[in-house]
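Dear colleague,

I am handing over the structure below, and after it I set out what was found. Please read the notes alongside the coordinates.

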Amino acid sequence: MAVIAIPTIATAVKTGVTLIGLGKIAVLPFLIAAISYFHYDQYDPENRPADRNPESKYDFIVIGSGTAGSIMANRLSEISQWKVLLLEAGGHETDISDVPILSLYLHKSKLDWGYKTEPQPSACQAMVENRCSWTRGKVLGGSSVLNTMLYIRGNRRDYDRWANFGNEGWSYEEVLPYFKKSEDQRNPYLAKDTKYHATGGYQTVQDSPYNTPLGIAFLEAGQEMGYDIRDINGEKQTGFALWQMTMRRGARCSSAKAFLRPIRLRKNFHLSLWSHVTKILIDPTSRRAYGVQFIKNGQKHTVLAKKEVILSAGAINSPQLLMLSGVGPAKHLKEKGISIIHDSPGVGKNLQDHIAVPITFLIDHPISLVLNRLVNLNTALRYAVKEDGPLTSSIGLEAVGFIPTKYANQSDDWPDMEFMILSTNIAADGGSQVKKAHGISDEFYNEVYSDINFKDSFGIFPMMLRPKSRGEILLRSNNPLDYPLLYHNYLTHPHDVNTLREGLKAGIAYGHTQALKRFGSRFYEKQTKVPKCKHLPPYTDEYWDCFIRQYTLSIYHYSCTAKMGPQEDPYAVVDPNLRVYGVSGLRVIDASVMPTVPNGNINAPTMMVAEKGADLVKSYWLGFGRRKRDLNGAIGPELKFNARLRDEGNFIRVLV
């Protein structure tokens, strides 16, 4: 160990400087040294998969190694005669990305695409240039490397509604087995409920190893408001709980770590990193997807797919690639000079996201997570050696609550508000990284939060669960390296304004419960005097309506931009088998196919979509329809699949 310690530490320090900057690395030396010296990754039999240059032809090409793409590569390569290529625009995870408390240091780093929305007056008025920051992972494992590791499945009514939209096979009872298929639940009290949980899956799910004294008080405050403490991934959702997290041994368990490392030695699985896909190749006559183009090391490459191209690039990049490849709204593609393969008006539309408005409470006791007493030799060694301590906290997220506002049916278990409750706040690091990650302007931060730098506090993020506003994604140009135009359209529907305001008011009431007043909890009053809202009387609905348009925080749940739906839905991009309408040999399998965003954080639902999608692919090629042997001896259907073509304004069904 001593022999490798110095060069390993030097490499880690260099990595830290690259990711989070020279100025900020000064607060992390002990952590980096300890991780480097004790890091089990050096000896883990499930180490990182190797990057390689692709061959010319594969059975399946998977675009994007995020949560969905990692699962697709794993499950498809289970069939030994199928050769699978996974293309990822970024590189490997780092030592820093493993540490739960540091996830916000990855935002705006080289592991982040760094997307920003176009300025709009309806929201994000406290952000730099009035633009919301949309963090997306550009790294093996995608956004599961940058997220806060929260494992929430959503509500059974979400999926029953998907089925009612005409998506056969997507009801709650039908998708529940796919949630369980991935899961390795490490909480024994949850694992014994085998109806809703499972063990032995690839994805480790556990409770956080560390909570402050506030954690249990957060649950007691929920009880004081009349709610039960429950398993929010179980029979019912309404109530409060400690978070279930995608962690393993106190470190982040990303989708890459969970699904790709165990298969790194499969001979039929190939991974190509730093491979930016620029186009899906589609024959304009047969309308069959037959390969992809991508850039790697500054060189253009083409790889062919004998069976299918699987698009798992996420709710931003998947519609962007469809449009660049000629599948999208015909008028828009024509304006950008792109040859139209199929007019699909729903591509890039129906964008949905969860937004929250952070509110802060001060407390009297030194028990919350404050940066200047958080990172030191003791906590670093505790993390690296014992795999616990405050560095295993996911940015202070300790408890979650699902409650109904007055706009939801109070007797129904379908809450419309989620409380993300933290033992910290935006000013706990003195206005350095959290402000940057959230995109808050210096002017707003200095006026509202600078007085409480490094002060003990806790925060509540009331998150609206079922937005009615719909955003859209458009191409900036036909250059695949240009970032797309992102229009959030947050709070453009009155329902969303009303619901988020009521959630904020409920959050203020929650912070004044006796369970939290024991710690001296009090609402931070400068939140009633924020810029652009000072002319309105504080604590009125008019003031809160103004307030929520200032510090409007995306929770990074972009989805629904290539939604699945039945043939008669003109805005459906894929059918219930996730096959792209108008093109054969192409599926979209990621969060973009969701018709509506689920009732909670969407990493777990994305896993479910991928697990079910992988089975749909397998059943098509191995189990159903008229079959023949391909040139390699594999059994596959004789007929090409596709569900909808346009001919003189009429839809023609192509049977499978």
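A polar contact here is a pair of N or O atoms within 3.5 Å; within protein, one must be able to donate a hydrogen and the other to accept it, and residues adjacent in sequence count only if both atoms are side-chain atoms. This is a predicted model, in which local features need pLDDT of at least 70 and side-chain atom pairs count only at pLDDT 80 or more, while totals for chains, interfaces and linings use all residues. Residues are numbered from 1 along each chain as its sequence is written, and side-chain values use heavy atoms, with hydrogens and water left out.

Such a polar contact joins the side chains of Arg-587 and Glu-308, at 2.7 Å. Arg-587 lies in strand E26 (residues 586–588), strands being DSSP runs of at least two residues (E) and helices of at least four (H or I), numbered from the N terminus. Arg-587 has a relative accessibility of 1% and therefore counts as buried, the term for under 20% relative accessible area with a 1.4 Å probe and protein chains only.

Turning to the aromatic residues, rings of Phe, Tyr and Trp (its six-membered ring) pair if their centres lie within 6.5 Å, and planes over 60 degrees apart count as edge-to-face, under 30 as stacked and the rest as tilted. The count comes to 30 aromatic pairs. In one of them, the ring centres of Phe-60 and Trp-621 are 6.4 Å apart with planes at 85 degrees, so the pair is edge-to-face. This pair connects strand E1 (residues 57–63), which holds Phe-60, with helix H20, which holds Trp-621, 561 residues apart. Phe-60 is buried at 0% relative accessible area, and Trp-621 is buried at 10%.

With regards

Note on methods. Buried < 20%, exposed > 50% of the residue type's maximum accessible area, 1.4 Å probe, protein only.
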